[in-house]
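Visitor: I would like a close look at one part of this protein, with the criteria behind each term stated as you go. Please take your time and keep the parts connected.

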Amino acid sequence: MAKGKDIRITVILECTTCVRKSVNKASKGISRYMTQKNRHNTPNRLELRKFCPYCYKYTIHGEITK
């Protein structure tokens with residue numbers, strides 16, 4: 001039988017720098033990545049350094065709600 005809650009879930013990572021710049025209209029968009037995380041190993045929000053094509057550099061991407 002399958003369990004009710006999946007251990008591995010899909011999350012969306014969003015650039016934290018672009019979100020702040022969107023107020024000033026400096027960037028053209030917001031960089032987002034989709035990835036998976038294990039609930040048991042990482043119960044808190046996930047943050048990874050990923051490349052942002054709008055900022056043209058590696059920035060911190062944080063987990064957002066769907």
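Visitor: Before we turn to strand E4, what percentage of the 66 residues of the protein count as buried?

Guide: Of the 66 residues, 29% count as buried, a label given to residues under 20% relative accessible area, with exposed meaning over 50% and partly exposed the range in between (1.4 Å probe, protein chains only). The model is predicted, so local features need pLDDT of at least 70 and side-chain atom pairs count only at pLDDT 80 or more, while totals for chains, interfaces and linings use all residues. Residues are numbered from 1 along each chain as its sequence is written, and side-chain values use heavy atoms, leaving out hydrogens and water.

The protein has one helix and four strands, arranged from the N terminus as β-α-β-β-β; these are DSSP runs, of at least four residues for helices (H or I) and at least two for strands (E), numbered from the N terminus. Among contacts with a separation of 6 or more, residues 24 or more positions apart account for 49%, contact being heavy atoms within 4.5 Å.

Strand E4 covers residues 57–64, and pairs with other strands (at least two DSSP bridges are needed for a pair). With E3, which spans residues 47–52, E4 runs antiparallel, and six bridges join the two. Phe-51 stands opposite Tyr-58 of E4, and Tyr-58 counts as exposed because its relative accessibility is 54%. Four residues lie between the strands of the E3–E4 hairpin, in which Tyr-56 takes a positive phi near 60 degrees. Strand E1, residues 8–15, also pairs with E4 in the antiparallel sense, here over four bridges, and Leu-13 stands opposite Glu-63 of E4.

Within E4 sits His-61, which counts as buried because its relative accessibility is 0%. Apart from neighbours within four places in sequence, His-61 is in contact with a set of residues that includes Leu-13, Glu-14 and Cys-15, as well as Ser-31, Tyr-33, Leu-48 and Phe-51. Its side chain also makes a polar contact of 3.3 Å with the side chain of Ser-31; such a contact is a pair of N or O atoms within 3.5 Å, where one must be able to donate a hydrogen and the other to accept it.

Glu-63 forms one of them with Lys-37, with the closest N and O atoms 3.2 Å apart. Glu-63 belongs to E4 and Lys-37 to E2, so the pair ties together parts 26 residues apart in sequence, and both partners are buried.

Arg-32 and Glu-14 form a salt bridge too, their closest N and O atoms lying 2.6 Å apart. This pair links distant parts of the chain, Arg-32 in strand E2 and Glu-14 in strand E1, 18 residues apart. Here Arg-32 counts as exposed, at 53% relative accessibility, whereas Glu-14, with a relative accessible area of 12%, is buried.

Methods:
Salt bridge = Lys/Arg side-chain N within 4 Å of Asp/Glu carboxyl O.
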